[in-house]
Amino acid sequence: MSNIQEKIDQEREQARAMCSTEGATSAECAAAWDAVEELQAEAAHKRETKEKNSLEQYCDANPDAAECRIYDD
């Protein structure tokens with residue numbers, strides 16, 4: 001996760017630099033901040049991803065096991 005945070009920090013610095021040189025209302029500034037927002041959304045999505053419990057991991061490795069069978073009603 002620190003890798004994506006480093007990338008966010010780099011993009012944020014580039015966005016600030018772009019906005020200071022091109023102006024806060026320029027298209028380049030808006031595009032730079034859009035890139036920051038995309039990375040932040042990706043980081044948030046990764047935080048939301050639920051880790052599999054031990055049974056789910058076992059069933060992924062052994063889908064034919066009796067414990068992993070799913071029966072339709």
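Residues are numbered from 1 along each chain as its sequence is written, and side-chain values use heavy atoms, with hydrogens and water left out. In this predicted model, local features need pLDDT of at least 70, side-chain atom pairs count only at pLDDT 80 or more, and totals for chains, interfaces and linings use all residues.

Colleague: How many Å does helix H2 reach from its first C-alpha to its last?

Modeller: Helices are DSSP runs of H or I, at least four residues, numbered from the N terminus. H2 covers residues 27-48, which is 22 residues.

Colleague: Why do the buried residues of H2 line one face of the helix?

Modeller: Buried means under 20% relative accessible area, exposed over 50%, partly exposed in between (1.4 Å probe, protein chains only). Cys29, Ala32, Val36, Leu39 and Ala43 are buried in H2. An α-helix has 3.6 residues a turn, so residues three or four places apart point the same way. Seen down the axis, by directions to the C-beta atoms, the buried residues of H2 line one face because they fall within an arc of 95 degrees.

Colleague: Which residues are exposed on the other side of H2?

Modeller: The buried residues of H2 have cover that includes helix H1 (2-22). The other side of H2 has exposed residues. They are Ala27, Glu38, His45 and Glu48.

Colleague: Which parts does the pair Cys19 and Cys29 tie together?

Modeller: A disulfide here is a pair of cysteine sulfur atoms within 2.5 Å. Cys19 and Cys29 are joined, S to S 1.7 Å. The pair ties together parts that are 10 residues apart in sequence, because Cys19 lies in helix H1 and Cys29 in helix H2.

Colleague: Is the link of Cys59 and Cys68 right-handed or left-handed?

Modeller: A disulfide joins Cys59 to Cys68, S to S 2.0 Å. Both Cys59 and Cys68 are buried. With -90 degrees about the S-S bond, their link is left-handed.

Colleague: What pattern do the disulfides of the protein follow?

Modeller: A search of the whole structure finds 2 disulfides. Count the bonded cysteines along the chain. The pattern is 1-2, 3-4.

Colleague: Which residues does Glu11 touch, not counting residues up to four places away in sequence?

Modeller: Glu11 lies in helix H1. Glu11 is buried, with a relative accessible area of 14%. Contact means heavy atoms within 4.5 Å. With residues up to four places away in sequence not counted, Glu11 touches Ala35, Val36 and Leu39.

Notes. Helix = DSSP H or I, 4+ residues; strand = E, 2+ residues; numbered from the N terminus. Expected span 1.5 Å × (residues − 1).
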